[in-house]
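Subject: Structure handover

Dear colleague,

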Amino acid sequence: MERWNGKVAVVTGASSGIGAAIVKDLAKAGMITIGLARRVERVEQLKKDLSKEAAARLHAMKCDVSVETDIERTFQRIHDTHGGVDVLVNNAGIVRSNNLLDVGTAADLRAVLDTNVTGLVLCSQWAFKSMVERKVAGHIVHINSIAGHIVPFLPKLNIYPGTKHAVTALTEVMRQEMREAGTKIKVTSVSPGGVKTEILNSAEIPEGMPLLEAEDISAAVLYAIGTPPHVQVHELIIKPMGEAF
């Protein structure tokens with residue numbers, strides 16, 4: 001991680017859960033860390049969990065990644081205030097708990113697609129542009145899901161597995177485009193099984209189902225971005241012991 005000291009990391013969905021764990025660990029590791037969230041005050045509150053030095057490296061910016069103009073404005077602000085993006089972690093994700101075939105759920109479908117897929121791509125576009133313009137061998141990390149590789153037999157996941165399967169495909173599309181462009185930029189998909197986060201509050205999970213901690217996923221992100229230049233971790237699947245799928 002030494003080569004990232006003083007470099008700029010941007011994390012979406014940083015107000016809680018996996019995103020909160022990631023911004024704290026990146027700031028501890030010496031990166032200027034910008035946590036994007038709609039609930040920006042919750043990112044500010046994370047500073048109390050950090051040393052004075054690490055807290056000074058953590059910055060909160062309000063951004064709704066389901067809104068294109070919000071993304072453009074935020075990445076322009078990052079460029080103006082911090083010079084650009086060296087690491088992007090696309091962590092923001094939502095789920096709406098209803099059946100896929102229920103009539104009247106179009107707004108939920110759009111909300112999940114706009115956050116989990118379109119927002120991820122748009123943030124990646126701006127980060128990639130910043131990296132290319134500054135000739136930076138940066139890194140883009142997608143927080144995917146085990147649901148991006150299988151469809152867990154859990155009720156009312158709706159379009160969520162579809163969006164995560166899209167992230168799996170998009171990771172490979174981005175890898176190919178980065179290679180064809182002649183860059184040294186890396187892209188990684190990190191796919192956890194069940195994690196103890198707020199997103200599970202709206203999902204119907206079986207009682208006693210084993211779960212990971214948010215810090216387990218943050219550790220995986222630091223591992224992936226900490227690999228030497230000749231190593232690209234394309235996919236990490238992380239399951240809690242005893243997971244049924």
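This is a predicted model: local features need pLDDT of at least 70, side-chain atom pairs count only at pLDDT 80 or more; totals for chains, interfaces and linings use all residues.

Residues are numbered from 1 along each chain as its sequence is written, and side-chain values use heavy atoms, with hydrogens and water left out.

Pockets

The largest pocket holds about 990 Å³ of space. A pocket here is an open set of points on a 1 Å grid over the protein atoms alone, where a 1.4 Å probe fits, with protein on both sides within 12 Å along at least five of seven lines; lining residues have an atom within 4 Å of a point. Points are joined across faces, edges and corners, and the volume is the space filled by probe spheres set on them.

Its lining has 46 residues, with Gly 93, Ile 94, Val 95, Thr 197 and Ile 199 nearest the centre. Helix H1 (17-28), S2, helix H5 (106-133) and helix H6 (160-180) each give two or more residues to this lining. Helices (H or I, at least four residues) and strands (E, at least two) are DSSP runs, numbered from the N terminus. By class, the lining divides into 24 nonpolar, 15 polar and seven charged residues. Nonpolar covers Ala, Val, Leu, Ile, Met, Phe, Trp, Tyr, Cys and Pro; charged covers Asp, Glu, Lys and Arg; the others, Gly among them, are polar.

The second largest pocket holds about 220 Å³. Thr 183, Lys 184, Ile 185, Lys 186 and Gln 232 are the closest to its centre, out of 13 lining residues. H6 supplies the largest share of that lining, three residues. The classes there are five nonpolar, three polar and five charged.

Thr 33

Thr 33 lies in strand S2 (residues 32-37). Thr 33 counts as buried because its relative accessibility is 0% (buried is under 20% relative accessible area, exposed over 50%, partly exposed in between, with a 1.4 Å probe and protein chains only). A polar atom of the Thr 33 side chain lies 3.3 Å from the backbone nitrogen of Ala 27.

Ser 191

Ser 191 sits in strand S6 (residues 186-192) and is buried, at 0% relative accessible area. Its side chain makes a polar contact of 2.6 Å with the side chain of Glu 235 (a pair of N or O atoms within 3.5 Å; within protein, one must be able to donate a hydrogen and the other to accept it, and residues adjacent in sequence count only if both atoms are side-chain atoms).

Regards
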